[in-house]
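User: Please take a close look at the side-chain pairings here, both charged and aromatic. Where do the partners sit, and how far are they from the solvent?

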Amino acid sequence: MAAFTASQASITNGSKVVTINSGESIANVRQGDFLFLAGFLVEINRGYVGAASQQYIELVKNWANSSQSSQPAVVIPTTGDFRAAVDAINNANQNVNDNFVAMQDWQTKTGTVTFVNQDGTTTTVKTLKQIEADNAAQMDAYHPFPWAMRKVEFEARRAANNEKHAASGFVHKGKQYVLGGGYSVINEGLWTNETAPNVLRMGRDYDAVWVDGVSSKFFPEVNIAGVISELSGVYASRAVGVEIKFPPAEDGTRTYDSATGISVKHATPAIAFASETATNKVVTDRVDMWGFEFFLREINDADPFVYAKGLIQSLATSINGVATVSDNIRPITYFAWYEGDESSRGKGVNWQTASEAQRIVIASDPENNIYFDDATGKFYQWSPRGCSFSGISNGDWDALDSSRRANYLDFSISAPATHIRPQGNRDTRAGAGVGFPLYSSRKETVIHPVSSVENGIFGAMQSTSTPDNTSGVNGECYFLVCGTVNRLNQGAYHPSYNPLGSAGFVADNSGNPRTWSHSKIKESGLVVSKASCFDYGSTIGQVSYGTGSLSSGYGLYASGRSDGRFYDAIYASGAGGVCRDMRYSAWGLKAEDFAAADLAIKSGKYRGRERLGKTLIYEEVASTSSSTSVAVQASSNANILRYDVGDHLYLFDGSTGSVVLDAKITTKGSDYFNTNTTTTYNRVAGNTYYVVLTKPQSLSIAGEFNHTEVIGNPANILQCDDLKDGWVGSWNPNIPDGVERKTAWNRKYITIGKAIVTDNYGSSYSEGTPASWFGDSTNNSTASFAIPANRIVIANYLTNSKMSGDSVNAVVRSLGNVFVSSYNTLDSGSPLGYSLIDKVLTGLGGTPYIASLPLTQNNLQAGGKLPTSQSWSEISHSQIEIPKPSNSNLAFKALNYNVADNQQGFINYAYTELKHDGTDWGDDGKIHIADNQTTMLDENGNTVLVGTAQIVEPLGWIENDK
């Protein structure tokens, strides 16, 4: 039996004195006994009573462990039986022959032995092994599984991790695979295998020839509310850390009603499209989201398995040398990456049937995140689950950023809201919908086990103030959003009807597929709507079965897209590719992180993101005349009212054949366009004008993407059935007129694209020669040739998405220099220039056409923002001395400054467009501050753009002052 037990004992680090707070008597404590406290066994010097009858235990050595407060303690009387045995042996020394066997048994056996004393009497004592066994039993009674990490130590580690990191997020991104041939890197640690359907990959081990990355770890590691988890083993081969699985692409059979929030899977696309109403639409333009759910599990008979690193989807064949088996106790839905996934059952070790030795080796590895709670007498494991979610309807997700306080993790924040529901320890995932439980960003007023849950993750909530205890023990269930993917659909590609399609149409009786513009398909007259792009069959003009997929056997025509992409591949960027990468670092941002990002932006390596724009053409007959108007009346076409701030407007005068207005919409009027331009024109009553409006859609795209650009007279385009209802892409304002010239493209093309042309309003098409249409890379234009006035050109080329978007003046954390560039290459500021002023730089040359100018005056106004009025000293810089390019008069300047928004770090750019007049750039050496974008006159009287922009993705978290 124990000599002493106490329910509450305390000691500070470095002290020898244990205070018995609960008042138990130390009368039976002896010198040489051992105290067991907080998982540590230490030798006792003595027990004594102090002032006010306070009970104390003095140790032989100073307490070398962390301070303990009010912890249970037990004293093991290890010396009593041992001393009795020693005394018996000493007394029996002279009777060696009589006691020889007894002495051997005392050393080797359990139980008791009897020694013969000198006076002929006998003494019976416990054997050495029995003493050890009895003491071990005593220890187990008060401290079972002494080899297990205790909850107090686990929580201490969590607290230390929370102190060290700025937020929940990635501690290490892991390595990536760089073999090529379908393997593409998105960002550090995240890469594609474009030959495997519906997957991304994270982390890469061994095979040093093809492994790359700056991470110090092969596999990703994350900090989630203070718990460090390595994400590895979620793939059949140990070479890959995690294979991220996505749901199958849409096939045109599912509808979603935005009024009711109801999604229905129909038997055929025809039924689905026939079900469409004003609010009920077929889902074809989907964005998927992926991330990891982390929850605390109790290990018990109903859920007995433990997993390598805690990952329930782990396919590791062993845990610390202990062989794993498939977990067939939990249903397959417990392991699913997405609803309907039946391929992700994890492998682990049954803790309830494992041997003591197996338990010890597994629990001794802290990376498995297993601990024992003395208060409940149970084991627990912290477990991640990989998750991906189909976009519920067409378009992007509304609320994925945990930095937005009081927000839920939602696909749509408008009614009916579509919350993502926690699964955690539940067998199955609940469908998205309204009401609790749900994932919340958890306002700071919410009481929760982890106070720093606000940054980086969403938490499972049962109500606005109560964590969801069903998802995880004590409400410990969180979600880390990692990113989104823009998905192609299984229908046929068409630039207007189905721009995210992938299949081809049947072109002959053998079923061979071709693209939408093929003569046989045009002759069929069947391609007339989005529904026709999902009309599968064998008739010429119907959608060819099997095309558009990785498994298609049609070779060159396996895809119906000009970029050759498939609906079941996940690409690094663009249509069908990764859009947002939200794997933010758990470490707080430092000055060098901002500097490295600014360098990446200016050298064209930063990953941009933008909303895809749809271009629509409206015909308008002017009802009145005006010589100074900058407004387009919408008296006869109600569609023109469908505009908003951020749309881009061209106004084409059909009578003169010229573009009379080119502007971004910055304000809205009641029945007309208001723009930020000072352009005037003579509007003549009765004349026909064409509004060419490009509207950003709800769907985003990132990195490099295939852009569609149409050249043609708007009057002709409206006669082309393939374009009259609009297309995703832009309109080129250079109107064909039969005169030989070079036609400049709207955006910088990265690689030579494709162009198809029609001279009969789309009755038939022919393919242009790429060398002619993309013949002058320096000027980003066609070669010099004449385009007939009646011709319509539909071109596709690879370009970069924008790195920044409109923003407002913000509090400055630190200022940079003024960057100036007129250069046309991707690594010399051209992508940043386009992002800021929507114009392509074409300047030639090298370093002389780029400059970094120090500030000569940099006082900030009250509140820490850049000065916007003359009452404050202006921000100024040294003189711009880069020369005028031989083929352009265009450049830009931009001052970078670091800002914080909801504790995330961004870079803002205060920029101005520069125009050379043959003498100088007309620059006044000052940084003019304006929210979003507007215009000003430069020193030479030229109208130039000026504004503020912010990068499209935060750089990470800014650490709180602690």
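Analyst: A residue is called buried when its relative accessible area is under 20%, exposed when over 50%, and partly exposed in between, with a 1.4 Å probe and protein chains only. The model is predicted, so local features need pLDDT of at least 70 and side-chain atom pairs count only at pLDDT 80 or more, whereas totals for chains, interfaces and linings use all residues. Residues are numbered from 1 along each chain as its sequence is written, and side-chain values use heavy atoms, leaving out hydrogens and water.

The charged pairs come first. A salt bridge is a side-chain nitrogen of Lys or Arg within 4 Å of a carboxyl oxygen of Asp or Glu; by this rule there are 42 salt bridges. One of them joins K530 and D285, at 3.9 Å from N to O. K530 is in the loop between helix 7 and strand 34 (578-581), and D285 is in the loop between strand 20 (280-282) and strand 21, so that this pair links parts of the chain 245 residues apart. Helices (H or I, at least four residues) and strands (E, at least two) are DSSP runs numbered from the N terminus. K530 counts as partly exposed because its relative accessibility is 24%, whereas D285, at 18%, is buried.

Strand 21 itself supplies a partner for another bridge. E298 pairs with K378, their closest N and O atoms lying 3.4 Å apart. Because E298 lies in strand 21 and K378 in strand 28 (residues 378-389), the bridge ties together parts that are 80 residues apart in sequence. E298 is partly exposed at 21% relative accessibility, and K378 is also partly exposed, at 35%.

K217 is partly exposed, with a relative accessible area of 32%, while E221 is buried, at 8%.

The aromatic pairs follow. Rings of Phe, Tyr and Trp (its six-membered ring) pair if their centres lie within 6.5 Å; planes under 30 degrees apart count as stacked, over 60 as edge-to-face and the rest as tilted. The count by this rule is 34 aromatic pairs. In one of these, the ring centres of F292 and W337 are 5.9 Å apart and the planes stand at 70°, so the arrangement is edge-to-face. F292 belongs to strand 21 (residues 287-299), and W337 to the loop between strand 25 (325-326) and strand 26 (347-350), 45 residues apart. F292 is buried, at 1% relative accessibility, and W337 is buried with a relative accessible area of 1%.

W516 and Y765 are also edge-to-face, because their centres are 5.0 Å apart and their planes lie at 70°. W516 sits in the loop between strand 33 (513-514) and helix 7 (519-524), and Y765 in the loop between strand 44 (751-758) and strand 45 (766-767), so this pair ties together parts 249 residues apart in sequence. Both W516 and Y765 are buried.

A charge sits over a ring if NZ of Lys or CZ of Arg is within 6 Å of the ring centre and within 35 degrees of the ring normal. R46 lies over the face of Y48, at 4.2 Å from the ring centre, and R583 lies over that of F170, at 5.9 Å.
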